[in-house]
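Got your viewer open and ready? Load the model shown here, and we'll hop from stop to stop.

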Amino acid sequence: VCSMGNSTSRLYSALAKTLSSSAVSQHQDCLEQPDSARLDPIDPKDLLEECQLVLQKRPPRFQRDFVDLKKNAASNHRPIRVMQWNILAQALGEGKDNFVQCPMEALKWEERKCLILEEILAYKPDILCLQEVDHYFDTFEPLLSRLGYQCTFFPKPWSPCLDVEQNNGPDGCALFFLKDRFELINSANIRLTAMKLKTNQVAIAQTLKCNETGRLFCIAVTHLKARTGWERFRSAQGCDLLQNLKSITQGAKIPLIICGDFNAEPTEEVYREFSNSSLNLNSAYKLLSPDGQSEPPYTTWKIRPSGECRHTLDYIWYSQHALNVNSALGLLTEEQIGPNRLPSFNYPSDHLSLVCDFSFNQDPDRLL
């Protein structure tokens, strides 16, 4: 197997048929998806070996362990593994984000994409929710569709990636689920509103049927407005998303999982809106705390010219009456992250991936 960065690679040559910028522009409404069904399936082990060859000069992946959170809750089906991750748009990482302690060499796409893929392949999610995806059509859709995922992408209407020279098109949210585990019942691309105005932030919400149990559930992915001073705006976007999800889930009759970079600390109003929603949501990563009530100390940690930023912004919300969290992936320690913070040669994004295993509650209506 040759390096993924080498055009003679047997996998890469088949996968690197990058769509031209004109082809990408034809897909902005996301109603038409590239046809990868004609491509042969990929063995994930082959792709992982391919990535590791490209990354052989980089430090090894960080070790992260799953924390068992089951409370004597027996499940009669395989858990559903959900992965949430802001992967850092390539155009923003190279052109706008100014990670002053991260060498530009660490941000090279040919290697960074292999770090992203390695992380996904390591945890083998059944459902994958990504933000800041600006290489959907030339990387993630062709690869993940051949790994058995059904793929959906919804770009931001005015992506900041387009301001960067030699960009790869707009960034947006992407949702992937394994077709052998789930059947798509309904899909909605949502452009979020705030104060009755359409905004630049989006969400995807899909109702899936679990093939093993026949149970329906809704999975949603979003990325709310960034930066200090936009708290009320984020709150309004959150309210709009919740209203959409209430309709889609028939007022919580259908269980719900919401993944996202909310760009909001737990002290913000939008966090309280989700906590107090009639959809009966809980944040899965709170369960890692000793009392089950506190969010992790950080999900992103970076150094910019303005200083060091350590925040909790990323969440996996779930219907606590209908779903159990069996386990959650532990976060990186400060020692693992290192003094230069993220991204780095070890880790491809400024946000940590979150991964949870869910099971259906046997009697969901009892707890409503």
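Start by selecting N280, which is partly exposed, with a relative accessible area of 22% (partly exposed falls between buried, under 20%, and exposed, over 50%, using a 1.4 Å probe and protein chains only). N280 sits in the loop between α8 (269-275) and β10 (helices are DSSP runs of H or I with at least four residues, strands are E runs of at least two, numbered from the N terminus). Its phi is positive, about 60°, although N280 is not a glycine. Most residues other than glycine have a negative phi.

A quick note: this is a predicted model, where local features need pLDDT of at least 70, side-chain atom pairs count only at pLDDT 80 or more, and totals for chains, interfaces and linings use all residues. Residues are numbered from 1 along each chain as its sequence is written, and side-chain values use heavy atoms, leaving out hydrogens and water.

Next, select R227, in the loop between β8 (216-223) and α7 (231-248). R227 also isn't a glycine, yet has a positive phi of about 85°. R227 counts as exposed, at 63% relative accessibility.

Now jump to L342 and P343: a cis peptide bond joins them, with omega about -10°. P343 lies in the loop between α9 (334-337) and β15 (354-360).

Last stop: E295, in the loop between β10 (281-283) and β11 (300-304). Which side chains make polar contacts with the side chain of E295? Show Y271, at 2.6 Å, and S283, also listed at 2.6 Å (a polar contact is a pair of N or O atoms within 3.5 Å; within protein, one must be able to donate a hydrogen and the other to accept it, and residues adjacent in sequence count only if both atoms are side-chain atoms).
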